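Please open the model in a viewer and keep the selection panel at hand.

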Amino acid sequence: MKIEGLQSGYGDVQVLWGVDLEVPAGEITCIVGSNGAGKSTLLRTISGMVAAKAGRITFCGKDMTHSAPDAMLGAGLAHVPEGRRLFRGMSIRDNLLVGAYLRRDARADIERDLEAVYAMFPILKERQQQDATTLSGGEQQMCAIGRGIMSRPQLLMVDELSLGLAPRAVEKLGDALREINRTGLTILLVEQDVVTAFELARHAYVIETGRVGIAGETEVLSADPRVRQAYMGI
Ligand SMILES: Nc1ncnc2c1ncn2[C@@H]1O[C@H](COP(=O)(O)OP(=O)(O)OP(=O)(O)O)[C@@H](O)[C@H]1O
Ligand SMILES: [Mg+2]
């Protein structure tokens, strides 16, 4: 995916002021930055929930700048939103199946992918009939990621993987993302915790008030004094 000069916001409030970034296929890329920098707005603009005011979003070789969320999902983009947003009053299994609602392939293929999600996160299988919103924070994140995978995406975007979770849960989810990535799925991760983000991702973009500040390989950026001081507290 390629983003060029992307501008967007809410009504008269402009949040993104010309964002350029590239998400190489098959790799994990992260976006970090302070609260309110525009990270979630960027993901929402990519997934069509917030309209782009200017710029271009190229996804799978096509200009998808003004596509609706369903069209983006259909084209292979899954968005795990900040705060997970599972459906209350619905079981874990049904929440996972919501991810597959646009799929037109055979029921058996969807069931097979459901089993693959359960194999990755066995707790979801054990509790599959339980209301998804009664899960712990870490388990809800598993369910939200699983729901994303159920759409069979080309690109999985995860907004705030670690927010509010204990280190052990974050570690487990990080391992799961690595495993998912090894199957060839491209991942774009927004993460408050820069150390966690840099451990997982090969490339990083630092967003500062709606623009890309520093960008590069995480290996290089984690040694950059500007990044260490401002974002890693080192
Ligand atoms: N629905 C909305 N309506 C109006 N303004 C919004 C809305 N959502 C976000 N904003 C504003 O857009 C700016 C960027 O917010 P955004 O949520 O994209 O930041 P963020 O980088 O994801 O922050 P955080 O790290 O806290 O999640 C903020 O000033 C915020 O107040
Ligand atoms: Mg956010």
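Begin with the shell around ligand 1: its residues comprise three nonpolar, seven polar and four charged. In this division Ala, Val, Leu, Ile, Met, Phe, Trp, Tyr, Cys and Pro count as nonpolar, Asp, Glu, Lys and Arg as charged, and the others, Gly among them, as polar. The model is predicted, so local features need pLDDT of at least 70 and side-chain atom pairs pLDDT 80 or more, while totals for chains, interfaces and linings use all residues. Residues are numbered from 1 along each chain as its sequence is written, chains are lettered from A and ligands numbered from 1 in the order written, and side-chain values use heavy atoms, without hydrogens and water.

Next, select G36, K39, S40, T41 and E82, which come nearest among the 14 residues around ligand 1 (a heavy atom within 4 Å). Helix α1 gives the most to this shell, with four residues (helices are DSSP runs of H or I, at least four residues).

Now display the polar contacts (pairs of N or O atoms within 3.5 Å). An oxygen atom of ligand 1 lies 2.9 Å from a backbone N or O atom of G38. For S40, a polar side-chain atom is 2.8 Å from an oxygen atom of ligand 1.

Finally, select the magnesium ion (ligand 2), which S40 (OG) and E82 (OE) coordinate at 2.0 to 2.4 Å (donors are N, O and S atoms within 2.8 Å of the metal, or 3.2 Å for Na, K and Ca). S40 lies in α1 (residues 39-46) and E82 in the loop between β6 (77-80) and α3 (92-98), so the pair ties together parts 42 residues apart in sequence.

Key:
Helix = DSSP H or I, 4+ residues; strand = E, 2+ residues; numbered from the N terminus. Polar contact = N/O pair within 3.5 Å; in protein donor to acceptor, adjacent residues only side chain to side chain.
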